[in-house]
Amino acid sequence: MSEALTRLLRWEESGATWRVLVRTPDAVELSLLTCDAGEEVDRLLTADPAVLEHIGDRSRSEQ
């Protein structure tokens, strides 16, 4: 499993959320948000195919 996917899955498993800021055919930039107030804590910019497959066409982790 890639480092980027591991990081995203760990984020989700902790109860935190994410939303897509920028999406291109080859990459995505995610805003990593707190689980309570939805405040941005970090960002993940990746072209990792495993991450792109994991998020699919979702714009948020809650969908």
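Trainee: Which residues does Ala 4 touch, not counting residues up to four places away in sequence?

Mentor: Contact means heavy atoms within 4.5 Å. By that rule, Ala 4 touches Leu 44, Thr 46, Asp 48 and Val 51. This is a predicted model, where local features need pLDDT of at least 70, side-chain atom pairs count only at pLDDT 80 or more, and totals for chains, interfaces and linings use all residues. Residues are numbered from 1 along each chain as its sequence is written, and side-chain values use heavy atoms, with hydrogens and water left out.

Trainee: Where is the place of Ala 4?

Mentor: Helices are DSSP runs of H or I with at least four residues; strands are runs of E with at least two; both are numbered from the N terminus. Ala 4 sits in helix α1, residues 3–13.

Trainee: Is Ala 4 buried or exposed?

Mentor: Buried means under 20% relative accessible area, exposed over 50%, and partly exposed in between, with a 1.4 Å probe and protein chains only. Ala 4 has 15%, so it counts as buried.

Trainee: How many residues apart in sequence are Ala 4 and Val 51?

Mentor: They are 47 residues apart in sequence. In space, the C-alpha to C-alpha distance is 6.9 Å.

Trainee: What order do the strands of the sheet have?

Mentor: Two strands pair if DSSP finds at least two bridges between them. Here, an open sheet of 3 strands runs β1-β2-β3, with antiparallel pairing. β1 (17–23) and β3 stand at the edges with a single partner strand each, so one side of each has no neighbour in the sheet. From one strand to the next, the twist averages 25°.

Trainee: Over how many bridges do β1 and β2 pair?

Mentor: β1 and β2 (residues 28–33) pair over 6 bridges, in the antiparallel sense. Within this pair, Val 20 stands opposite Leu 30 in β2.

Trainee: Which strands does α1 touch?

Mentor: Axes are lines fitted to C-alpha atoms, for helices over the stretch in contact; angles run from 0 to 180 degrees between N-to-C directions. α1 packs on the sheet and touches β1, β2 and β3. Its direction makes about 150° with that of β3.

Trainee: Where is Ala 47 found?

Mentor: Look in the loop between β3 (40–46) and α2. Leaving aside neighbours within four places in sequence, Ala 47 is in contact with Asp 26, Ala 27 and Leu 52.

Trainee: Why does Ser 61 count as buried?

Mentor: Ser 61 counts as buried because its relative accessibility is 18%. Ser 61 lies in the segment after α2 (49–55).
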